[in-house]
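Let us walk through this structure together, one piece at a time. Keep the sequence and the 3D view open while you read.

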Amino acid sequence: MALTKAEMAERLFDELGLNKREAKEMVEMFFEKIRSALEEEGGQVKLSGFGNFDLREKKQRPGRNPKTGEEIPITARRVVTFRPGQKLKARVEAYAGSEQ
Amino acid sequence: MTKSELIDLIAKEQNHLAYRDVELAVKCMLEQMSQSLASGERIEIRGFGSFSLHYRPPRQGRNPKTGESVALAGKYVPHFKPGKELRERVNRCHVGEKAGE
């Protein structure tokens, strides 16, 4: 099982008493605002206790079509990276699950 | 953008919830996401991306001050893979700028 937007809305309904529509909108808006912030030049999103989303510029590099073996360059692009914060890292580090 | 700026933006954009409720909602969502990862559960948000755990095997580390060798246990670290929409939107403005030069 994975955490999804539906479960996040459910929690806002259960814990904060938002109605179903408000809860659904809230979850949508949360992720949409992060996406829009990252569309901006030099966009960075810092969520203390959780982590930071940063933008990185990638130069063009040689690539290969894995099926045909043909060489095709991977074009220069801007990508999003996530750096987990200290608090999240500490909480996750302790996890010793076996299903991974 | 920081967490409080994110809260401000959401509070401004809708008119049915008080600022305090938006603040609680954002904190609640981040706490739920952290809890999920801390219990080994993935997060899958369509159009945004997925968070999962990656395993780092045990290794020999070194105390940078003393140079002493220390055994470090294996551990899990959070990993984020951006989804298609996020990837495209972030890269689109990049491509757009280049074309507009």
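## Where the two chains meet

In β1(B), A:Leu3 has B:Ile43 as its bridge partner. The two strands involved, β1(A) and β1 (residues 42-45) of chain B, run parallel and are joined by 2 bridges. Here helices (H or I, at least four residues) and strands (E, at least two) are DSSP runs, numbered from the N terminus. Two strands pair if DSSP finds at least two bridges between them.

Before going on, please note that this is a predicted model, in which local features need pLDDT of at least 70 and side-chain atom pairs count only at pLDDT 80 or more, while totals for chains, interfaces and linings use all residues. Residues are numbered from 1 along each chain as its sequence is written, chains are lettered from A and ligands numbered from 1 in the order in which they are written, and side-chain values use heavy atoms, leaving out hydrogens and water.

Which strands make up the sheet around that bridge? It is an open sheet of 4 strands in the order β1(A)-β1(B)-β2(B)-β5(B), with mixed pairing. Its edge strands, each pairing on one side only, are β1 (2-3) of chain A and β5 (75-82) of chain B. Strands of a sheet pair through backbone hydrogen bonds, either parallel or antiparallel.

| Helix pair | Angle | Axes apart |
|---|---|---|
| α1(A) and α2(B) | about 125° | 10 Å |
| α2(A) and α2(B) | about 75° | 11 Å |

Take the pair of α1 (residues 5-16) of chain A and α2 (residues 19-38) of chain B. These helices are therefore oblique to each other; angles under 35 degrees count as roughly parallel, over 145 as roughly antiparallel, 65 to 115 as roughly perpendicular and the rest as oblique. From chain A, the residues of this contact include A:Met8, A:Arg11 and A:Leu12, and from chain B they include B:Leu24, B:Cys28 and B:Gln32. Contact means heavy atoms within 4.5 Å. The residues of the contact of α1(A) with α2(B) divide into 8 nonpolar, 2 polar and 4 charged. In this count Ala, Val, Leu, Ile, Met, Phe, Trp, Tyr, Cys and Pro are nonpolar, Asp, Glu, Lys and Arg are charged, and the others, Gly among them, are polar.

The helices α2(A) and α2(B) are, by their angle, therefore roughly perpendicular to each other. A:Met26, A:Val27, A:Phe30 and A:Phe31 of α2(A) make this contact with residues of α2(B), including B:Val22, B:Val26 and B:Leu30. How many nonpolar, polar and charged residues are in the contact of α2(A) with α2(B)? There are 10 nonpolar, no polar and no charged.

## Inside chain A

Chain A has 3 helices and 6 strands, arranged along the sequence as β-α-α-β-β-β-β-β-α. The radius of gyration of chain A is 19 Å, well over the 13 Å that the globule rule gives for 100 residues, so it is more spread out than a compact globule. That radius is taken over C-alpha atoms, and the globule rule is 2.2 Å times the number of residues to the power 0.38.

Within this chain, 3 strands form an open antiparallel sheet in the order β2-β3-β6. Its edge strands are β2 (45-47) and β6 (77-84) of chain A, and the twist averages 25° from one strand to the next. Strand β3 (residues 51-58) of chain A is joined to β6(A) by 8 bridges, and A:Asp54 has A:Thr81 as its bridge partner in β6(A). Helix α2 (residues 20-39) of chain A packs on the sheet, touching β2, β3 and β6 of chain A.

Another antiparallel pair is formed by β4 (residues 61-64) and β5 (residues 71-74) of chain A, over 4 bridges. There A:Pro62 stands opposite A:Pro73. The hairpin of β4(A) and β5(A) has 6 residues between the strands, and A:Gly69 takes a positive phi near 80°.

Notes: Axes are lines fitted to C-alpha atoms, for helices over the stretch in contact, and angles run from 0 to 180 degrees between N-to-C directions.
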